[in-house]
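This report describes the folds of two chains and the way they touch. Please keep the sequence and the coordinates at hand while reading.

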Amino acid sequence: MKGGIDAWNGLVSRAEVDQGIYLIEGGESPEEVIALAYGLEAATHRFYQDLVGRAEDPNTRNAFERLARDEIHHKDHLWEAYKTVAEGHRTREAFETETVAKTLEDGKTADQVLAQYPDWIERPQEALELAMSLETDSLDLYLRMAQKTRNKKTSAVFYDLANEEKTHLKSLGEVFRRKVASE
Amino acid sequence: MRFSDLFSQIKTMDADESRKWLDERSEGSYTLLDVREPEEYEEGHIPGAVLIPLSELPDRLSEVDPQKPVLAY
């Protein structure tokens, strides 16, 4: 690509080289990576819910509530995907208690992400910018995990997750554009 | 695979052409390669880009799937 990254006008991830990738070794099964992704989405959901509680501006609060609801949809999708690949019957509650629950989609803990934003986010636009940054790093993580894994079925799961994130980003992008246009 | 093989059919595209090229392809059907240094990569990279610094590329060619087209930047 002529001009390199400076010429690029699309999504940009600022994830570190090893960020999040340490979560997989490469030989995980589809069930294992879906459980991992579910834990990541659950942690992100809790992160956005935490931001809902902290936001003083109602429009900012609404933006975070929408983002938290989107993460619930992601978890629902992953649960449905898990049921198609898992052997044996488990309840969703049993599945949830055994997932990775302490990392965010970009491999950082909630505290580490919040520490990057010492000046509290007050405007809905800032909330959306934060969400787009996190979701872009998620997309980056899932794509790189797909390339690292040696199991083709597992790789396919990661690519599906990446496509989900792309759809989510498009939706966020539309909300962001409408927000900017209205200000 | 030899280092020279990686660049035996090179086409230069601008950013818009590159985006269109990526959008036309399904994930997993190509390799997106970032040949800069780690600190540059972490300042910002295209999501999904694999980092292999240019200085290391000859020794790490085995990490690049020869069956897939490569978009490098």
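Two residues are in contact if their C-beta atoms, placed from the backbone, lie within 7 Å. The model described here is a predicted one.

## Overall make-up of the two chains

With contact understood in this way, 52% of the contacts in chain B between residues at least 6 apart in sequence join residues at least 24 apart. In chain A, residues 24 or more positions apart account for 78% of the contacts with a separation of 6 or more. As for burial, 36% of the 183 residues of chain A count as buried, while in chain B, with its 73 residues, buried residues make up 18%.

The secondary structure of chain A consists of 7 helices and 0 strands, so that reading along the sequence gives the pattern α-α-α-α-α-α-α. Chain B, by contrast, has 3 helices and 3 strands, and its elements follow one another in the pattern α-α-β-α-β-β.

## A helix pair in chain A

Within chain A, helix 3 (residues 58-85) packs against helix 6 (residues 124-148) at an angle of about 25°, and the axes of these two helices are 8 Å apart. Because angles under 35 degrees count as roughly parallel, helix 3 of chain A is described as roughly parallel to helix 6 of chain A.

The residues that meet can be named on both sides: helix 3 of chain A contributes N59(A), T60(A), A63(A), F64(A) and L67(A), and helix 6 of chain A contributes P124(A), A127(A), L128(A) and A131(A). Sorted by class, this contact between helix 3 and helix 6 of chain A has 7 nonpolar and 2 polar residues, with no charged residues.

## The sheet of chain B

In chain B, 3 strands form an open sheet in the order 2-1-3, and the pairing is parallel. Strand 2 (50-51) and strand 3 (70-72) of chain B each have a single partner strand and stand at the edges, so one side of each is left without a neighbour in the sheet.

Strand 1 (residues 31-34) of chain B pairs with strand 3 of chain B in the parallel sense over 3 bridges. Among the bridge partners in strand 3 of chain B are V70(B), which pairs with T31(B), and A72(B), which pairs with L33(B). Strand 1 of chain B also pairs with strand 2 of chain B, again in the parallel sense, over 2 bridges, and here L33(B) stands opposite V50(B) in strand 2 of chain B. Together with helix 3 of chain B, strand 1 and strand 2 of chain B make a right-handed β-α-β unit.

## Where the chains touch

Between the two chains, 21 residues of chain B are in contact with 26 residues of chain A. On the side of chain B that touches chain A, the elements that give two or more residues are helix 2 (15-23), helix 3 (38-43) and strand 2 of chain B. The largest share of this side comes from helix 3 of chain B, which gives 4 residues.

By class, the side of chain B that touches chain A is made up of 10 nonpolar, 6 polar and 5 charged residues.

Key
Residues numbered from 1 in each chain as written. Chains lettered and ligands numbered in written order. Predicted model: local features only at pLDDT ≥ 70, side-chain atom pairs only at ≥ 80, totals over all residues. Pairing = 2+ DSSP bridges. Nonpolar A, V, L, I, M, F, W, Y, C, P; charged D, E, K, R; others polar. Buried ≥ 20, exposed ≤ 12 C-beta atoms within 10 Å, placed from the backbone. Right-handed = clockwise from strand over helix to strand, strands pointing away. Axes fitted to C-alpha atoms, helices over the stretch in contact; angles between N-to-C directions. Parallel < 35°, antiparallel > 145°, perpendicular 65-115°, else oblique.
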